Structures are given as structure tokens and as C-alpha cells.
Amino acid sequence: MTKSQTIDGAHGARLTIDLGAIAANWRSLAARGADCAAVVKADAYGCGVARVGPALWAAGCRTFFVAHLSEAIAARAALPEAALYVLNGLPPGAGATFAAHGLRPVLGSREEMTEWVAVSGGRLPAALHVDTGMNRLGLPVPEALALAGDPCIAACGIDLLMSHFVSAEKPADPVNARQIADFARVRAAYPGLLASLANSSGVFLDGARYDLLRPGYALFGGNPTPGSANPMRPVVRLEALIAQVRDVEAGTSVGYNGRWTAPAPSRLATLSLGYADGFPRAISGRGQALVGGVPCPILGLVSMDLIILDVTAAPAARRGATAVLIGDSLDIDTVGRAAGTIGYEILTGLGSRYVRTYVG
């Protein structure tokens with residue numbers, strides 16, 4: 001990924017998004033032996049569906065998934081010819097809007113199916129969601145089996161059967177084998193439908209790939225195989241401007257509530273970035289940034305617009321220089337762990353105040 005050297009002075013931080021890496025990640029996953037879709041919910045995991053969608057289309061992706069109807073309408077503007085599925089189903093009374101935009105609901109209840117039939121008359125496609133263990137959305141396995149062969153399936157225009165893993169990122173979890181077996185039973189009862197089970201981590205599980213892969217997080221550089229080397233290319237790089245550098249004496253407190261006190265004479269740098277930019281407050285006192293390649297601890301509490309670093313060991317620290325918050329050794333999974341969360345939350349929380357640069 002191209003490393004930016006300066007940040008527009010109108011912004012405190014720069015978010016660089018590598019579209020070439022996203023396309024390469026999609027091609028890498030698609031090469032694992034099935035047709036490959038792309039999950040671009042949450043504005044393409046914070047990376048911007050208006051730019052990410054066309055990049056994936058150019059790479060060969062033809063099927064996309066989002067969470068909400070509003071996301072699907074936005075994605076349709078960027079992807080006029082794509083098959084667009086809406087994972088969270090058919091909201092009451094929304095059928096006509098789906099039809100008007102050529103969108104495909106992922107149906108998970110008889111109520112949704114009845115409403116979709118009334119709108120589509122079987123002329124518009126949809127997916128059928130079977131719940132194999134998540135207990136969020138979808139038909140329970142016994143109900144899905146009982147429904148096999150029912151004329152309502154054809155009347156709904158169902159063209160895809162799908163489910164979702166509970167714990168695919170943990171290959172040894174017994175729930176994976178149970179879900180794979182349950183989905184296989186349902187798939188056998190619906191022989192005419194395409195099937196999709198594998199999310200990002202599911203792509204790497206035996207017996208899970210079926211007809212259509214459904215990666216999301218891995219496309220954006222997240223590691224789908226925790227505990228092993230990340231097979232995906234990094235996508236996002238976050239750099240913040242150093243607004244001020246100061247020297248403090250031992251015993252000087254720093255930030256709100258004096259949560260950190262200098263144990264010795266120290267040099268501090270204040271960054272123009274904070275939790276209003278989506279950089280989590282929970283990383284306070286636990287994370288770090290890179291200044292000139294040197295790891296520099298985050299001190300005290302992350303505030304709304306500013307972060308303080310200990311740059312005593314970083315000779316490159318000066319006003320106008322940049323610090324890397326995501327990038328190089330600080331990948332999104334590493335940052336997520338430091339914040340006591342997951343890289344998914346880091347990605348999808350990226351704020352709107354950055355200057356955004358697209359490369360690749």
C-alpha cells in the first residue's frame with residue numbers, strides 16, 4: 001500500500017484505502033473453488049461502497065450482500081447490474097421498494113415469504129435463510145425441512161439457500177461440524193437451489209464452500225484464520241497528524257483525570273485524532289502508534305479529538321509529522337485486540353472526518 005507523507009491541513013488524519021488489495025483479496029478467495037460474492041454491508045466495512053463496489057465488479061464479482069434496504073439502495077447506485085441481496089430480510093411493507101430497485105430479500109420467516117409472494121408474484125428472486133445455530137434470523141432446520149417442496153418456495157422465486165456460521169474462525173469448535181451437517185440435510189431437500197454457507201472464515205473450512213462463497217471481513221484485510229498467518233492483503237492505513245510535541249518532567253500527569261503520570265522526563269506528542277473519528281476510547285493506555293516506525297504507547301485517555309503518545313524513543317516525532325494508527329505492524333486485528341474488541345468493529349467504526357485517499 002502506498003504510504004502517504006503528508007496530511008491535508010484541513011483534516012487531522014488520513015485514511016488510505018487500497019482498492020487493488022480488496023480486488024486481490026476477492027480473487028484469492030474466489031480461487032478456492034466456488035463462485036464468490038462480496039459482503040459490502042456497513043458501507044463496505046467502512047471503506048465506502050461507492051468506490052469498493054465498482055472495484056470488486058471490475059475484478060469479476062457479480063453478487064453482493066448488504067444488511068439493510070437503505071444500504072442496498074446505495075449499493076445499487078454503484079452496482080447497477082449486480083445481484084444484490086439484503087441479509088436482514090424483508091421489512092414489513094418494503095416489498096415494493098425492493099422490487100423497484102431490483103433487490104433480493106433474504107427471507108427467513110413464513111410472514112416474509114407471504115409478503116414477498118404478494119409483491120413479486122414469483123417473478124423476482126430471493127434467498128431463503130435457514131438458521132443452523134445462530135438463533136438470530138432464518139427458518140429453524142425442522143421448519144425448513146418441512147417446507148421443502150411447498151409451492152410457496154417457487155412462488156417466492158427462491159434461487160439461493162443460505163445459512164451462517166456461529167464460530168467459523170475457530171475450526172475445532174464442534175458447532176461447525178453440526179452446522180455443516182444440518183445445512184447438508186437442508187440442501188439435500190432443496191436440490192434445485194444454489195447454496196451458500198461460507199463466510200470469510202468458512203471459506204477455509206472443509207465441507208463449507210458449496211456454490212457461492214460469502215466473504216466480507218477478509219476482503220478488507222481482516223484475518224479469516226486467527227492463530228495463523230493472515231492470507232489477505234492489508235487494505236486500510238490510518239495516519240494522524242502530530243499537532244504538538246512537548247517535554248514534561250517526571251511526575252507530570254497527562255490527559256483527562258490524570259490517568260497517566262510520567263515516571264521520568266518524557267517527550268509527548270499530541271495527535272489530531274480521537275474517538276469522534278472512530279478510534280476507540282477503549283484503547284486508552286493499551287494501544288500504540290508508530291512514529292518513524294517506532295512503537296509509541298498511547299497515554300492516558302483517548303479524548304474526542306486528540307490522542308497523546310509517549311514519543312521519547314521516537315526521534316522522528318515533530319509537529320507536522322504523522323503517526324500510523326493502523327498499518328504496518330498495527331493491522332486491524334492487532335488494533336482490535338488492543339482495544340478489547342475485534343477488527344470488525346475497528347473497520348466499521350471508521351469516521352467521516354478523515355481525508356480519504358483511494359489507491360490501487
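The model is predicted. Its salt bridges come to a count of 9.

**Helix 6**

- Helix 6 spans residues 110-120, and its buried residues are Glu112, Met113, Trp116 and Ser120. Viewed down the axis of helix 6, these buried residues fall within an arc of 95 degrees, so they line one face of the helix.
- Exposed residues Glu111, Thr114 and Ala118 are carried on the face of helix 6 that is turned away from the buried side.
- The cover over the buried residues of helix 6 includes helix 5 (95-101), helix 7 (141-147) and helix 8 (151-155), together with strand 6 (104-107) and strand 7 (126-131).

**Helix 9**

- Helix 9 (residues 174-189) has 16 residues, which at 1.5 Å a residue should span 22 Å; the end C-alpha atoms are 24 Å apart, which agrees.
- Val175, Asn176, Gln179, Ile180, Phe183 and Val186 are the buried residues of helix 9. They cover an arc of only 135 degrees around the axis, which places them on the same side of helix 9.
- Strand 7, helix 7, strand 9 (158-162) and strand 10 (194-196) are the elements against which the buried residues of helix 9 pack.
- Pro174, Ala177, Arg178 and Ala188 are exposed and sit on the face of helix 9 turned away from its buried side.
- Asp182 and Arg185 form a salt bridge, with their closest N and O atoms 3.1 Å apart. The two residues are 3 residues apart in helix 9, and therefore separated by about one helical turn.
- Asp182 is partly exposed at 22% relative accessibility, and Arg185 is partly exposed at 46%.

- Asp247 and Arg267 form a salt bridge in which the closest N and O atoms are 3.1 Å apart. Asp247 lies in strand 12 and Arg267 in strand 15, so the pair ties together parts that are 20 residues apart in sequence.
- Asp247 is exposed, with a relative accessible area of 56%, whereas Arg267 is partly exposed at 32%.
- Salt bridges with shared partners join Arg237, Glu239 and Asp328 into one network.
- Arg237 is buried at 6% relative accessibility, whereas Asp328 is partly exposed, with a relative accessible area of 46%.
- Glu239 is also found in strand 12 (residues 236-248), and it counts as buried at 2% relative accessibility. The side chains of Glu239 and Arg237 make a polar contact of 3.5 Å.

**A buried arginine without a salt bridge**

- Arg214 lies in the loop between strand 11 (212-213) and strand 12.
- Arg214 is buried yet has no salt bridge, and the nearest side chain of opposite charge, that of Asp211, is 11 Å away.
- The side chain of Arg214 reaches the backbone oxygen of Ser163 at 2.7 Å, and a polar contact of 3.3 Å joins the side chains of Arg214 and His164.
- Residues up to four places away in sequence aside, Arg214 touches a set of residues including Val39, Phe65, Met162, Leu197 and Asn199.

- Asp43, in helix 2 (residues 41-45), has a positive phi of about 55 degrees although it is not a glycine. Asp43 is partly exposed, with a relative accessible area of 40%.
- Asn257, in the loop between strand 13 (253-254) and strand 14 (260-261), is likewise not a glycine and has a positive phi of about 60 degrees. Asn257 counts as exposed at 71% relative accessibility.

**Tyr275**

- Tyr275 is placed in the loop between strand 15 (266-271) and strand 16 (288-291), and it is partly exposed, with a relative accessible area of 37%.
- Apart from neighbours within four places in sequence, Tyr275 is in contact with Arg281, Val302, Ser303 and Met304.

Notes
Residues numbered from 1 in each chain as written. Predicted model: local features only at pLDDT ≥ 70, side-chain atom pairs only at ≥ 80, totals over all residues. Heavy atoms only, no water. Helix = DSSP H or I, 4+ residues; strand = E, 2+ residues; numbered from the N terminus. Buried < 20%, exposed > 50% of the residue type's maximum accessible area, 1.4 Å probe, protein only. Polar contact = N/O pair within 3.5 Å; in protein donor to acceptor, adjacent residues only side chain to side chain. Arc of directions from axis to C-beta. Contact = heavy atoms within 4.5 Å. Expected span 1.5 Å × (residues − 1). Lys, Arg positive; Asp, Glu negative; His and termini not counted. Salt bridge = Lys/Arg side-chain N within 4 Å of Asp/Glu carboxyl O.
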